[in-house]
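Okay, thanks for making time, everyone. I'd like to walk through one model today, going from the overall picture down to a single helix. Let me put it on the screen.

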Amino acid sequence: MLTGAIDLDDVSQLQGADVDGLLRAGALAGAQVRAISAAVDEGVLEPLARVRPRAVVVVVGRGTARDAADLVVATMSPHTDVPLVVAPSIPGWVGPLDVVVVSGDDAGDRALADAAARAVRRHAELVLDVPVEGPVAEAAAGAGLNLSPRVPAPDPFRFCGHVAAMAAVIAALGEVRTAGTRFDAAALADTLDAEASAAHPGNESFHNAAKSLAARVEGRQAVWAGDTPATMALAAHAARTMYAVAGLSGVAAAVSDALAVAARPAADPVVPEVDPIFHDPDFDPPLAAPPPRVLVLTTPSAEWTTRQRVSGLGDVDVLTATDDAAPTPDQAPVADGPGDVESLLVLAVRVEMASVYLRLIGAR
């Protein structure tokens, strides 16, 4: 039962409470990815077509960019025949044979500025996925391929844009062999726009996956669980976004850890249920806190396997990006792949919009 001050299906109240424009910000993932597609069409990454680097080094800032880089490496590294490295600063071995992607949201981040300056001095191919202004612009000194965000969005909603920028760099390496689904930024943008449209405040909770997710999480601590490196990266982003946007605490965990806790019997004695309306905190014992909500993030191709793992454990939600029938065991994948990026980013948009709704209804 929702305890927020605003009904999730009261459109006028939701829009009236959105004084910070979060509904629009949460729906900008498709526009961010489409801006990356436009930059590629304009030839921004054309110099990479003739490059076969020794390694692609992604230097990330704090927060969202780090989670995005982890997702890209998890899905694309096994299918790309050059190493993909994520680091907080440029490794000492980086030189002219490498591609350096500087990714973050803060143009004043001295670590990102230092990374850009070092990449220029060492004659590495530099790509900037960070606002090119302030210290970063001074450090780059006009060098580097500019994938800076063209669609402004608050930091918690920049996840899809960072993933698209990093994936576009890998796809632009014409001399590098890749396997699996080819990254298509324009098609991905359309898919993310469709998810944002489905999460529109005018769509009722029964037909709105973001609102439904918000209703499931509201009033509970959340455990966001992943069973692969890519879903773990998404789980970290979900926990971070829910706290940054809605102020709701939660953690990211491996599925095995989350299920072990979910299967563990309660250590405390059962507290009799008390109607909160008649509860007196001065005389009555404290109300029993509801158990954490376990939300397992997965991909459509891995859904069957994931549901088998959690079956019988009661209040565990499995979140995937499609309502289609789950695959049979013979079709289940063995690892993350480029084809999973789209479904993972659809889930990211859903979680981001759910965090907006929780913020607007005043959930705690």
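This is a predicted model: local features need pLDDT of at least 70, side-chain atom pairs count only at pLDDT 80 or more; totals for chains, interfaces and linings use all residues.

The secondary structure comes to 13 helices and nine strands. If you take contacts between residues at least 6 apart in sequence, 77% of them join residues at least 24 apart.

Now the inside. The largest nonpolar core has 87 residues, and Leu48 and Trp224 are among those that touch the most other members. Helix α13, residues 341-360, supplies the largest share of this core, 14 residues. Apart from that core lies another, of 19 residues, including Val57 and Leu112. Back to Leu48: leaving out residues up to four places away in sequence, the residues Leu48 touches include Val99, Val127 and Leu145, plus Glu125.

Okay, the helix I promised: α9, residues 209-217. Which residues are buried in α9? Those are Ala210, Lys211, Leu213, Ala214 and Val217. They span an arc of only 160° around the axis, so they sit on the same side of α9. What covers them includes α1, α13 and the strands β6, β8 and β9.

Last, the two ends. At the start of α9, a side-chain oxygen of Asn208 comes to within 3.1 Å of the backbone nitrogen of Ala210. Just after α9, Gly219 has a positive phi of about 80°.

How values were computed
Residues are numbered from 1 along each chain as its sequence is written. Side-chain values use heavy atoms; hydrogens and water are left out. Helices (H or I, at least four residues) and strands (E, at least two) are DSSP runs, numbered from the N terminus. Contact means heavy atoms within 4.5 Å. A nonpolar core is a set of buried Ala, Val, Leu, Ile, Met, Phe, Trp, Tyr and Cys residues joined through side-chain atoms within 4.5 Å. Buried means under 20% relative accessible area, exposed over 50%, partly exposed in between (1.4 Å probe, protein chains only). The arc is that of the directions from the helix axis to the C-beta atoms. A polar contact is a pair of N or O atoms within 3.5 Å; within protein, one must be able to donate a hydrogen and the other to accept it, and residues adjacent in sequence count only if both atoms are side-chain atoms.
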